[in-house]
Amino acid sequence: DATGTSASFSSPLGVAVDGGGNVYVGDNGNHLIRKITPEGVVTTLAGSGSHGSTDATGISATFWNPHGVAVDGSGNVYVAGLLSYKIRKITPEGVVTTLAGSGSAGSADGTGTSASFNRPAGVAVDGSGNVYVADLLSHKIRKIILPA
């Protein structure tokens with residue numbers, strides 16, 4: 001974490017921008033989700049730097065090779081965890097929860113952790129709050145319908 005070129009990343013893969021101009025990055029090699037302000041200040045939004053899939057707040061949470069990143073109109077960040085086989089949600093306050101995915105490779109439709117993914121690599125969110133997942137090794141685009 002630092003400002004401008006003093007900050008460093010390891011294999012950044014996913015990038016998304018919110019309405020305020022903040023940039024969110026899936027810092028794949030560091031297992032972190034980073035936030036860059038319009039002024040260039042880089043901070044860790046979530047992740048301890050160790051790989052895993054622990055739901056918690058801020059740096060108490062863990063990620064495993066975060067790839068795709070998306071942000072909705074409320075400032076929630078969605079992360080496709082390539083090797084955790086999960087889609088995670090981070091609130092603006094940094095609270096990380098598992099939105100979908102059992103944590104094991106698969107291709108089953110279901111609700112929450114009853115669903116399974118096989119290397120989710122990309123994620124996007126539409127204006128209605130639906131989350132779309134590029135499920136790499138399942139060769140599918142999957143849709144997660146969030147409750148109203």
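A: In this predicted model, the protein chain has a radius of gyration of 14 Å, which agrees with the value near 15 Å that a compact globule of 148 residues would have. The C-alpha trace spans about 45 × 30 × 25 Å along its principal axes. Buried residues account for 47% of the 148 residues. The accessible surface of the chain is about 6800 Å², and carbon and sulfur atoms hold 52% of that surface. Of the contacts between residues at least 6 apart in sequence, 35% join residues at least 24 apart.

The secondary structure consists of 12 strands, with zero helices.

Five strands form an open sheet in the order β1-β5-β4-β3-β2, and their pairing is antiparallel. The edges are taken by β1 (2–3) and β2 (12–17); each has a single partner strand, so one side of each is left without a neighbour in the sheet. Strands of a sheet pair through backbone hydrogen bonds, in either a parallel or an antiparallel arrangement. Within this sheet, β3 (residues 23–27) pairs with β4 (residues 32–36) in the antiparallel sense, over five bridges. In that pairing, Y24 stands opposite K35 in β4.

As for charge, the whole chain carries 9 positive and 10 negative side chains. The centres of these two sets lie 8 Å apart.

Definitions and conventions. Residues are numbered from 1 along each chain as its sequence is written. This is a predicted model: local features need pLDDT of at least 70, side-chain atom pairs count only at pLDDT 80 or more; totals for chains, interfaces and linings use all residues. Side-chain values use heavy atoms; hydrogens and water are left out. Helices (H or I, at least four residues) and strands (E, at least two) are DSSP runs, numbered from the N terminus. The radius of gyration is taken over C-alpha atoms; the globule rule is 2.2 Å times the number of residues to the power 0.38. Buried means under 20% relative accessible area, exposed over 50%, partly exposed in between (1.4 Å probe, protein chains only). Contact means heavy atoms within 4.5 Å. Accessible areas come from the Shrake-Rupley method with a 1.4 Å probe; for residues, only the protein chains shown count as cover. Lys and Arg count as positive and Asp and Glu as negative; His and the chain ends are not counted. The place of a charge is taken as NZ of Lys, CZ of Arg, CG of Asp or CD of Glu. Two strands pair if DSSP finds at least two bridges between them.
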